[in-house]
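Please take a moment with the sequence and the three-dimensional view below before reading on.

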Amino acid sequence: MNIERLQLTDYRNYESLTLDFSNKINVFIGENAQGKTNVMESIYVLAMAKSHRTANDKELIRWDADYGKIEGVVNKRYGGVPIELTISKKGKKGKINHLEQTKLSNYIGQMNVVMFAPEDLNIVKGSPQIRRRFIDMEIGQISPVYLHDLLTFQKVLKQRNHLLKKNQGKPSLAADVMFDIYTEQYVQAAIQIIRKRFQFMELLQAWAEPIHFGISRGLEKLVIKYRPVSGMEASWSAEEMADYLTRKLEEVKQREIERGVTLIGPHRDDLQFFVNEYDVQIYGSQGQQRTTALSLKLAEIELIKQETKETPILLLDDVLSELDDYRQSHLLNTIQGEVQTFVTTTSVEGIHHETIQHAKLFHVKQGTIEQS
């Protein structure tokens, strides 16, 4: 898979921009705050219908414009597909082959991307919320059904939390028929998410472990564990999970009524990363944390390729300078000749790998881009 052409209209600092890409390596060179990352972000947004930098879509629209638009032509096994995403104050609309999609969940997955940026180190050492977002975004790319299930879960969670907040501290809620109905719906929706996450983490583990072993020169074994706050196990059936979660919710019912919020479920779950049986987040060195993050990203590429039969596009946003020479070489050797890659950097002088020497270069300065 590769993106052949990108067109931006009133996106961030670009009023109008058209770029044609190499299907191998594309490097954007320029000082900070010139617009490199905006181009990288636009490719990500075109694929995922959301930014990796902000949750406020209005920030994506150029100042004083009514809407922003991103257009691209994606080449896949069966030919080129034009896709388009329009972002306005009213929301987002996606088109595939010029046909507007009724749901964004139908749009996402047309173009698969793997983003690796300095902030991705936070997948390992940051908050559980960042890790949950990582899981949801990646499963969503390979499973449109998961996106639908996630929206269903979030809707039921919102309804249940609204009822809890509205009746916070009121014992009568314990006997409320509506609360029982929401709880039953909540359990069924939660189980769908938890089971899919377990399945995804098993696949990711299978790819990430040997990759990490290679990067660490055979010295480290990486183990990834999905940790439901409820304490469920991957081997359980859907019925066993549902019965268990129902019992756990009954146990914490009074606490939930007192606090006015749902305390157990996928919205509270987390991931743990172990290197040689030590928790990397707590005990890992910065090098081990970076190796873990890099292993995850390279595993994502292989996993998406396995599940979709298409090689995803790799976005390396100012990340090569964050890696030492060995990790940098390992990354570039992995992608060489196979993965369409976009790189942002302030300079290519410190990058000696032959992959970069044959790249298509884009020089970015004050919102203008020159190709060479």
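**A walk through the model**

Val-275 has Tyr-278 as its bridge partner in strand S11. The model is a predicted one, in which local features need pLDDT of at least 70 and side-chain atom pairs count only at pLDDT 80 or more, while totals for chains, interfaces and linings use all residues. Residues are numbered from 1 along each chain as its sequence is written, and side-chain values use heavy atoms, with hydrogens and water left out.

Helices (H or I, at least four residues) and strands (E, at least two) are DSSP runs numbered from the N terminus, and two strands pair if DSSP finds at least two bridges between them. Strand S10, residues 270-275, pairs with S11 in the antiparallel sense over two bridges. Helix H10, residues 286-308, packs on the sheet and touches S9 and S10, where contact means heavy atoms within 4.5 Å. The direction of H10 makes about 115° with that of S10; such axes are lines fitted to C-alpha atoms, for helices over the stretch in contact, and the angles run from 0 to 180 degrees between N-to-C directions.

The sheet as a whole is open and has three strands in the order S9-S10-S11, with antiparallel pairing. Its edge strands are S9 (222-227) and S11 (278-279), each of which pairs on one side only. Helix H6, residues 177-215, also lies across S9 and S10, and runs at about 170° to S9.

Two residues show how these elements meet. Thr-292 is found in helix H10, and it counts as buried because its relative accessible area is 0%, the scale being under 20% for buried, over 50% for exposed and partly exposed in between (1.4 Å probe, protein chains only). Leaving aside residues up to four places away in sequence, Thr-292 touches Val-124, His-212, Leu-222, Phe-273, Val-275 and Val-280. Phe-274 has its place in strand S10 and is likewise buried, at 14% relative accessibility.

Lys-225 lies over the face of Phe-274, at 5.3 Å from the ring centre; a charge sits over a ring if NZ of Lys or CZ of Arg is within 6 Å of the ring centre and within 35 degrees of the ring normal. Arg-217 lies over the face of Tyr-326 in this way, at 3.6 Å from the ring centre.

Rings also meet one another. Rings of Phe, Tyr and Trp (its six-membered ring) pair if their centres lie within 6.5 Å, and planes under 30 degrees apart count as stacked, over 60 as edge-to-face and the rest as tilted. By this rule there are eight aromatic pairs. One of them joins Phe-21 and Phe-342 edge-to-face, at 4.7 Å centre to centre and with 85° between the planes. Because Phe-21 lies in the loop between strands S2 (14-20) and S3 (25-29) and Phe-342 in strand S13 (residues 341-345), the pair ties together parts that are 321 residues apart in sequence. Both Phe-21 and Phe-342 are buried. Another edge-to-face pair is that of Phe-198 and Tyr-226, at 5.0 Å centre to centre and 80° between the planes; since Phe-198 lies in helix H6 and Tyr-226 in strand S9, this pair ties together parts that are 28 residues apart in sequence.

A nonpolar core is a set of buried Ala, Val, Leu, Ile, Met, Phe, Trp, Tyr and Cys residues joined through side-chain atoms within 4.5 Å. The largest such core has 67 residues, among which Leu-204, Phe-273 and Leu-331 touch the most other members. Helix H6 gives the most to this core, with 14 residues. A second, separate core of 43 residues includes Phe-28, Met-40, Leu-60 and Leu-147.

Ala-49, in the loop between helix H1 (36-48) and strand S4 (67-76), has a phi near 65°, a positive value in a residue other than glycine. Asn-97, in the loop between strands S6 (91-96) and S7 (99-100), has a positive phi near 55°. Ala-49 counts as buried at 3% relative accessibility, whereas Asn-97 counts as partly exposed at 45%.
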